[in-house]
Amino acid sequence: LSELIKVLWMCDFGGMFMPGMVGNDMLRIAGLARFMDDPRRAASSVMFARFMGISSIFVVASVSMVLARDIFYNANVFYFSFIVLACFIAGLVTIVIFPHWIDDLSARIFHGNAIFKRIHKLIQAILAFSNHKKIIGSTFVLCIINQLTRCFISFIIARALGVDIAFKYFCLFVPIVFVALMLPISIAGF
């Protein structure tokens, strides 16, 4: 476990000098692959963690859109948040309860070419997580707590600076900013 934590911390440090979060993920895959017999397992675990994190960002932002609906002048934005939230919940439920559907679909889409076969094998490695429903549930709850912690830290900093903004607005805008930081358009998202 200590070796794994060292690898993750080194990857976090190295990721600060790489574009967006993509560079960090690549370093994590390379670092974790040293401890696994199959590099696809390392890639699938990093991709699954990223999926859970992004899903939690969208859940927090969607719930915040409902709570902060007073700032939206257009009701369509309010309804859009419900659609986004429903799609992520449906996607997560599909992955957890019906992974064979996704496996069959990816087998039909990614057949023939050697690169497509590798993509299909990667999808199968990601779907292997569906056998661990408690881990998925606890990971998702921890990801939501992580997102809310980021919002709370920004809220506390704003209060310390004398800025009086309701917490629900931080829950709405901090996830959006964090998604923008993940894009590989600058070094470490800055």
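A: We start with one pair of residues in this predicted model. K6 and E3 both belong to helix α1 (residues 2-15), where three residues, about one turn of the helix, separate them.

Q: What do K6 and E3 form, and how far apart are the closest N and O atoms?

A: A salt bridge is assigned when a side-chain nitrogen of Lys or Arg lies within 4 Å of a carboxyl oxygen of Asp or Glu. K6 and E3 form such a salt bridge, with the closest N and O atoms 3.3 Å apart.

Q: How many salt bridges does a search of the whole structure find?

A: The search finds three salt bridges. Another of them joins R50 and D25, whose closest N and O atoms are 2.7 Å apart. R50 is in helix α3 (residues 39-67) and D25 in helix α2 (residues 20-33), so this pair ties together parts that are 25 residues apart in sequence.

Q: Which class of accessibility applies to R50, and which to D25?

A: The cut-offs are applied to each partner separately. R50 counts as partly exposed because its relative accessibility is 22%. D25 is buried, because its relative accessible area is 14%.

Q: Which side chains meet in a salt bridge at 3.0 Å, N to O?

A: They are the side chains of R159 and D164. With a relative accessible area of 43%, R159 is partly exposed, whereas D164, at 64%, is exposed.

Q: Which residues make the nonpolar surface patch?

A: I89, V93, I97, F98 and W101 make a patch of about 460 Å². Helix α4 (residues 75-97) supplies three residues, the largest share of the patch. I97 is placed in helix α4, and I97 counts as partly exposed because its relative accessibility is 46%.

Q: What does the secondary structure of the chain come to?

A: It comes to eight helices and zero strands. Read from the N terminus on, the elements therefore run α-α-α-α-α-α-α-α. Helix α7 (residues 133-160) contains N146, which is partly exposed at a relative accessible area of 35%. N146 and P39 are 107 residues apart along the chain, and their C-alpha atoms are separated by 27 Å.

Q: Which totals describe the chain as a whole?

A: The C-alpha trace spans about 55 × 35 × 30 Å along its principal axes. Of the 190 residues, 33% count as buried. The accessible surface is about 11,900 Å², and carbon and sulfur atoms account for 74% of that area. Among contacts with a separation of 6 or more, 62% involve residues 24 or more positions apart.

Key:
Residues numbered from 1 in each chain as written. Predicted model: local features only at pLDDT ≥ 70, side-chain atom pairs only at ≥ 80, totals over all residues. Heavy atoms only, no water. Patch = residues over 30% accessible without salt bridge, like charges linked within 9 Å, V, L, I, M, F, W, Y side chains within 5 Å. Areas by Shrake-Rupley, 256 points an atom, 1.4 Å probe, with all protein chains shown as cover. Helix = DSSP H or I, 4+ residues; strand = E, 2+ residues; numbered from the N terminus. Buried < 20%, exposed > 50% of the residue type's maximum accessible area, 1.4 Å probe, protein only. Contact = heavy atoms within 4.5 Å.
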